Amino acid sequence: MTRVFSGIQPTGEFQLGNYLGALRHWVVDQHEHDSLFCAVDLHAITLRQDPAELHQKTLEAIAALIAVGLDPETCIIFVQSHVHEHAELAWLIECTVAFGELSRMTQFKDKSARSDAHISAGLFTYPALMAADILLYDIDRVPVGDDQRQHLELTRDVAERFNSRYGETFVVPAAAIAKVGARVMDLQEPQSKMSKSSASMAGCVQLFEDRDSIVKKFKRAVTDSGSEVSFDVENKPGVSNLLSILAAVTNSDPESVANEYDRYGDLKVATAEAVLEVIGPIQDRRAELLADPAELSRLIELGAVKAQALAGNVLERARSAMGFVARP
Ligand code: TYM
């Protein structure tokens with residue numbers, strides 16, 4: 001059976017891009033593959049974080065993963081820092097990846113350009129930790145949005161290089177990036193991807209936002225000149241983004257959806273309604289889970305135990321391949 005791994009940072013609020021580009025695919029994957037899904041709290045401290053917020057957001061992230069439809073009995077849902085092997089393998093990988101390779105990562109360039117004077121070393125080595133997350137579990141398939149493509153390519157390079165230098169150790173994983181919804185754009189700036197760390201939240205639809213506010217954001221979405229509803233990313237980025245969102249939530253394709261609408265206004269309302277239909281039950285389920293902290297803790301522990309049981313094998317293989325002495 002193929003093995004699947006993916007992760008999400010427990011920072012800010014999950015947004016529609018996270019759901020359409022990643023989470024909804026994980027829900028399908030859990031039934032078809034051995035799957036692990038992780039709230040990557042170690043990644044969340046690469047930018048300065050507030051301790052109370054990190055704590056709360058990590059609990060909310062696990063609740064949200066279950067609320068979108070991941071079943072803790074079917075797949076493994078866990079908190080990254082609960083399995084210390086992630087950090088340990090990351091160090092081994094940091095010592096095999098090149099400074100130049102990390103310097104070329106576009107996410108590092110973007111994030112370091114946006115952050116203040118203090119840029120942590122962890123922000124720079126972030127992709128080595130991400131590679132460790134994946135390589136630690138002999139993963140074949142990594143379902144992610146388009147923005148993670150470069151990190152996945154680096155992970156493959158790291159694995160291949162390690163295997164040729166030290167002998168077959170890691171499974172070389174493949175990115176699984178969907179055709180529709182892998183790059184959801186900001187509703188106000190359709191040239192930029194929707195992101196939970198955007199300066200303005202006006203174009204970012206959060207999964208746990210008030211329903212009226214979601215409708216308003218869609219109604220105010222920037223559309224393009226002309227009035228014809230057609231899928232043309234180059235010339236009609238705003239309308240094309242709405243078509244992609246509507247297609248993703250209704251399991252259709254943007255071109256077919258475009259044929260059903262004549263006016264921008266109708267498309268906006270239909271997209272908002274379709275999104276709310278999907279998000280509504282997710283919001284209710286997360287609220288129920290957060291209202292029962294004992295059950296949430298039990299599920300977090302269940303995931304940690306299951307992930308921990310798998311994590312040791314590959315780390316030991318990597319240690320031995322590199323020449324570390326095993327503890328007698
Ligand atoms: P993160 O937390 O930024 O995002 C989680 C997932 O959501 C996808 N995504 C999007 N998809 C479509 N449109 C968007 N606008 C959009 N915004 C975000 C992301 O591509 C991602 O799949 N580095 C990762 C977390 C990570 C990870 C891993 C992922 C750590 N270790 C190992 C896979 C495997 C990140 O920051 O994702």
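Q: Where does Gln15 lie?
A: Gln15 sits in the loop between β1 (3–8) and α1. Such helices (H or I, at least four residues) and strands (E, at least two) are DSSP runs, numbered from the N terminus. The model is predicted, so to speak of local features takes a pLDDT of at least 70, side-chain atom pairs count only at pLDDT 80 or more, and totals for chains, interfaces and linings use all residues. Residues are numbered from 1 along each chain as its sequence is written, and side-chain values use heavy atoms, with hydrogens and water left out.

Q: Why is Gln15 called buried?
A: Buried means under 20% relative accessible area, exposed means over 50%, and partly exposed is in between (1.4 Å probe, protein chains only). Gln15 has 4% relative accessibility, so it counts as buried.

Q: Which residues is Gln15 in contact with, leaving aside its neighbours within four places in sequence?
A: They are Met194, Ser195, Lys196, Cys204, Val205, Gln206 and Leu207. Contact here means heavy atoms within 4.5 Å. At the start of α1, a side-chain oxygen of Gln15 also comes to within 2.5 Å of the backbone nitrogen of Gly17.

Q: What makes Ser195 buried?
A: Its relative accessibility is 14%, and therefore Ser195 counts as buried. Ser195 belongs to the loop between β5 (174–176) and α9 (211–219). Not counting residues up to four places away in sequence, Ser195 touches Gln15, Met201 and Cys204.

Q: Why is the pair formed by the side chains of Ser195 and Ser197 called a polar contact?
A: A polar contact is a pair of N or O atoms within 3.5 Å; within protein, one must be able to donate a hydrogen and the other to accept it, and residues adjacent in sequence count only if both atoms are side-chain atoms. The Ser195 and Ser197 side chains make such a contact at 3.0 Å, so the distance falls within the limit.

Q: How do you know that the length of helix α1 (residues 16–32) agrees with what it should span?
A: The expected span of a helix is 1.5 Å times one less than its number of residues. For the 17 residues of α1 that gives 24 Å, and the end C-alpha atoms are 24 Å apart, so the two agree.

Q: Where does α1 bend?
A: The bend is at Ala22, by about 40°. A bend is the angle between axes fitted to the seven residues ending at a residue and the seven starting there. As for cover, 13 of the 17 residues of α1 are buried.

Q: What makes a set of residues a nonpolar core?
A: The set must hold buried Ala, Val, Leu, Ile, Met, Phe, Trp, Tyr and Cys residues joined through side-chain atoms within 4.5 Å. The largest one here has 59 residues, and Leu16, Leu23, Leu70 and Phe218 have the most contacts inside it. Helix α12 (residues 264–290) gives the most to this core, with nine residues.

Q: Why is this core said to lie between domain 1 and domain 2?
A: Domain 1 (3–177 + 292–322) and domain 2 (211–287) both give residues to this core, so it lies between them. The domain bounds come from an automatic or database domain assignment. The centres of the two domains, taken over C-alpha atoms, are 30 Å apart, and 12 residues of domain 1 are in contact with 11 residues of domain 2.
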